[in-house]
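Here's a quick tour of a protein model, one topic at a time. Have a look at the picture first, then work through the points below.

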Amino acid sequence: MQNLLTPYNKNISLKNRVVMAPMTRSRAVNDENKPTDELQGLYYEQRASAGLIITEGSQVSERAVGYVNTPGIHTKAQVEGWKKVTKRVHDKGGKIFIQLWHVGRISHPDFHDGELPLAPSAINPNEQSYTPDGFKDTVTPKEMTKADIKTTVEDFKNAAKNAVEAGFDGVEIHSSNGYLFHQFFNGTSNKRTDEYGGSHENKARFFFEVLDAVKEVIPEEKIGARFNPSLNGVFGMTMDEDTIPTFEYIIKKLNDYNLAYIHLSEPFTDVSDIPYAVTEIAKHFRPLYNGTLMINAGFDQDSGNEVIASGNADLVAFGKPFISNPDLVERFEQGLELAEWDKDTFYTPGKEGYTDYPMANAKQNA
Ligand SMILES: Cc1cc2nc3c(=O)[nH]c(=O)nc-3n(C[C@H](O)[C@H](O)[C@H](O)COP(=O)(O)O)c2cc1C
């Protein structure tokens, strides 16, 4: 049974359950960090047979950036650029959400005229930031003031408004993978003693303030949120005994909202030795959430069909397979072999390794 290829209709209506996962490709190589018709337009159009595309993380403000050549969604030029992308996807019958991104402490002063990156607490993640001059070590960030938090809430709201103007079908809040919201959720990166630190409610407060602000400008059923509960040892995240209970609190509370979906990742690393990690994320969180559950990380066609059949997920997001197989859905339909991705061109400029992966059926290129 090809569950992946069956339509889905709950808040969002999708022609299949194969979602393109958000992937930074660092091709917005221009002074404005805007997407272009030739590159991002073509790239996403080629992948429009996905039930849903989620774009690469796109910074909500200047302060939100942490990697060179990533696109934004906070200037007029960026909105105009995205308009071309959404049109091309829609013209091919596809749907596209934009991932709204703030990296928090995974950044560098070089991006901020020498000022420190923002974070819940002044704790260096000891990671690297990909700056215009190459990889540089992260620094001890600035603990966000309440004014910084307020400004950032407004930045997300403004970005969501821009996303509507740019023609997106919805937005995904990037509350995952060790970036700003995840830094608030986690006790090793959030040592605050005010109402944004300590209890589950406090660690999640900033995220829910953003969600409440975003839903003022775009309906709840067009908002998704991404979480990676068992992320450990990468992107500056270390789990502690309160990590999973914090995510349980957040995901249960999201039942009070009528979101498009929650988007969960299975662990990115082997966490079987960590006593307080959950090794099967979809299975663990499914009973806690009544809405649409999208799952990701390491799936193929068989395991994707199985996870839907098991009832543990409704939608499956594929990352790397979509890099090298623009026609992933057609390949699933026809049982065709998948092309391998080349990790050396994940983040390089231009069309190589980006828009030049062929369709299996050459006629589809014409
Ligand atoms: C090149 C690349 C860039 C990525 N960029 C993002 C991103 O911008 N936002 C995000 O949430 N995840 C990002 N991810 C993670 C993917 O969305 C996905 O979780 C990961 O690739 C695992 O799924 P897969 O096994 O299907 O590839 C990225 C992954 C890759 C390979």
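Predicted model: local features only at pLDDT ≥ 70, side-chain atom pairs only at ≥ 80, totals over all residues.

**Around Ser58**
- Ser58 is part of strand S4, which covers residues 52-59.
- If you skip its neighbours within four places in sequence, Ser58 is in contact with Pro71, Gly72, Ile73, Trp82, Ile98, Gln99, Leu100 and Trp101.

**Aromatic pairs**
- There are 23 aromatic pairs in the structure.
- Take Tyr43 and Tyr44: this pair is edge-to-face, with 4.8 Å from centre to centre and 70° between the planes.
- Tyr43 and Tyr44 are both buried.
- Now try Phe185 and Phe227: the ring centres are 6.1 Å apart and the planes are at 40°, so this pair is tilted.
- That pair ties together distant parts of the chain, since Phe185 sits in helix H4 (residues 180-185) and Phe227 in strand S11 (residues 223-227), 42 residues apart.
- Phe185 has a relative accessibility of 2%, so it counts as buried.
- Phe227 is buried too, with a relative accessible area of 0%.

**An aromatic cluster**
- Phe185 and Phe227 belong to one aromatic cluster, along with Phe156, Phe181, Phe184, Phe206, Phe207, Phe208, Phe247 and Tyr257.
- One of the cluster's members, Phe208, has Lys253 lying over its face, at 4.9 Å from the ring centre.

**Helix H5**
- Does the length of H5 (residues 200-214) agree or disagree with what you'd expect? It agrees: at 1.5 Å a residue, its 15 residues should span 21 Å, and its end C-alpha atoms are 21 Å apart.

**The annotated domain**
- In an unreviewed entry, UniProt lists residues 10-338 as "domain: NADH:flavin oxidoreductase/NADH oxidase N-terminal".
- In the model, residues 10-338 are 32% helix and 17% strand, and the end C-alpha atoms of that span lie 30 Å apart.

Definitions and conventions: Residues numbered from 1 in each chain as written. Heavy atoms only, no water. Phe/Tyr/Trp six-rings, centres within 6.5 Å; stacked < 30°, edge-to-face > 60°. Buried < 20%, exposed > 50% of the residue type's maximum accessible area, 1.4 Å probe, protein only. Helix = DSSP H or I, 4+ residues; strand = E, 2+ residues; numbered from the N terminus. Lys NZ or Arg CZ within 6 Å of the ring centre and 35° of its normal. UniProt positions renumbered as here; feature names shortened; annotations may be inferred. Expected span 1.5 Å × (residues − 1). Contact = heavy atoms within 4.5 Å.
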